[in-house]
Amino acid sequence: MTVDAHHHVWDLSVRDQDWIAEGSPLRRDFTVEDLAPQARAAGVDRTVLVQTVTVAQETPEFLALAEAHELIAGVVGWTDLTRPDVADELARLRELPGGRYLKGIRHQVQGEPDPRWLLRADVRRGLTALADAGLVHDLVVLPQQLPACAEAAAALPGLTFVLDHLGKPPIASAALEPWASRVRALAALPNTVCKLSGMVTEADPASWTADDLRPYSDTVLEAFGPDRLMFGSDWPVCTPTASYGEVLDIARRLTDPSTHTEIFGTTAVRVYGL
């Protein structure tokens with residue numbers, strides 16, 4: 001089984017995506033029906049659908065999509081981790097249509113002004129509730145927030161933390177440090193996993209090549225190993241820079257064939273319980 005462990009969908013008639021700039025080619029609807037033929041053509045069997053906005057209504061909608069579409073094997077949704085009744089809310093989501101597809105929760109930590117947001121007492125209570133529920137926490141963070149991620153993962157060994165997009169390294173500038181040291185410190189914790197995703201978005205859109213990405217993919221492969229690394233397309237966010245098939249092909253070229261069973265399948269199946 002080939003798994004795409006990270007993609008999105010949105011319908012602008014249902015909800016605006018206020019993070020998308022006016023005039024961007026992303027400012028249109030992207031649906032499961034748009035993705036499905038591209039996934040089939042690329043040989044992808046199952047996907048994980050990931051939240052896009054911090055709106056409570058999105059998660060039930062995504063669970064219903066998973067119930068309706070065989071392609072989607074799991075959902076990483078959103079709920080307010082600081083709410084006092086977060087454990088009850090997680091249980092409620094699991095009772096909804098498609099609730100069995102809820103595999104994790106993600107918060108837009110990259111947008112939080114406090115670089116230590118993950119270490120707040122109210123957030124830690126929410127993260128503990130995720131662990132108790134058998135869910136994972138996807139991390140969408142910037143390089144300067146990686147130290148807090150490592151502290152949170154060390155403090156909560158019963159929770160699996162999944163780093164999205166390699167922690168958004170500055171690929172366009174070709175700088176490795178301090179990102180590389182920080183991501184290695186996170187990877188030293190056994191309850192952490194990384195997605196091989198989002199690289200083309202961080203590269204120079206006009207001139208990037210696979211060689212520009214290689215130092216970053218090599219860093220996370222060495223740090224996490226293939227059993228804690230999983231492929232994600234980041235479709236459709238990738239599309240202004242590379243097509244769905246191109247992103248998958250690049251990831252395969254950046255990794256040794258001996259690692260492909262894990263990176264493109266079994267890691268995601270195990271971590272998300274697909």
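Which handedness does the crossing of α3 and α4 have? The crossing of α3 and α4 is right-handed, where right-handed means that the near helix is turned clockwise from the far one by less than a right angle, and left-handed that the turn is anticlockwise. The views below come from a predicted model, in which local features need pLDDT of at least 70 and side-chain atom pairs count only at pLDDT 80 or more, while totals for chains, interfaces and linings use all residues. Residues are numbered from 1 along each chain as its sequence is written, and side-chain values use heavy atoms, with hydrogens and water left out.

**View 1. The contact of helix α3 with helix α4.** Helices (H or I, at least four residues) and strands (E, at least two) are DSSP runs, numbered from the N terminus. Helix α3 covers residues 86-95 and helix α4 residues 121-132; their axes come within 9 Å and cross at roughly 40°. That angle makes α3 oblique to α4, since angles under 35 degrees count as roughly parallel, over 145 as roughly antiparallel, 65 to 115 as roughly perpendicular and the rest as oblique. Axes are lines fitted to C-alpha atoms, for helices over the stretch in contact, and angles run from 0 to 180 degrees between N-to-C directions. Val 86, Ala 87 and Leu 90 of α3 meet Gly 126, Ala 129 and Leu 130 of α4, a contact being heavy atoms within 4.5 Å. These contact residues divide into 5 nonpolar, 1 polar and no charged. In this grouping Ala, Val, Leu, Ile, Met, Phe, Trp, Tyr, Cys and Pro count as nonpolar, Asp, Glu, Lys and Arg as charged, and the others, Gly among them, as polar.

**View 2. Helix α6 packed with helix α5.** Helix α5 (residues 146-155) packs with α6 at an angle of about 10°, and the axes are 9 Å apart. The two helices are therefore roughly parallel. On the α5 side the contact is made by Leu 146, Pro 147, Cys 149, Ala 150 and Ala 153, and on the α6 side by Trp 179, Arg 182, Val 183 and Leu 186. By class, these residues are 8 nonpolar, no polar and 1 charged.

**View 3. Helix α6 packed with helix α8.** Helix α6 (residues 179-187) also packs with helix α8 (residues 210-224), at an angle of about 25° and with the axes 9 Å apart. This angle makes α6 roughly parallel to α8. The crossing of α6 and α8 is right-handed. From α6, Trp 179, Ala 180, Val 183, Arg 184 and Ala 187 meet Tyr 216, Thr 219, Val 220, Ala 223 and Phe 224 of α8. The contact has 8 nonpolar, 1 polar and 1 charged residues.

**View 4. The largest pocket and its lining.** The volume of the largest pocket is about 340 Å³. On a 1 Å grid over the protein atoms alone, a cavity is a set of points where a 1.4 Å probe fits but cannot get out, and a pocket is an open set with protein on both sides within 12 Å along at least five of seven lines; lining residues have an atom within 4 Å of a point. Grid points are joined across faces, edges and corners, and a volume is the space filled by probe spheres set on the points. Of the 21 lining residues, Trp 19, Thr 52, Arg 106, Gln 108 and Gln 110 lie nearest the centre of the largest pocket. The lining comprises 5 nonpolar, 9 polar and 7 charged residues.

**View 5. The largest cavity.** A search of the whole structure finds 1 cavity of 30 Å³ or more. The largest cavity has a volume of about 80 Å³. It is lined by 14 residues, of which Ser 197, Gly 198, Met 199, Val 200 and Val 247 are the closest to its centre. Helices α7 (199-202) and α9 each supply at least two residues of this lining.
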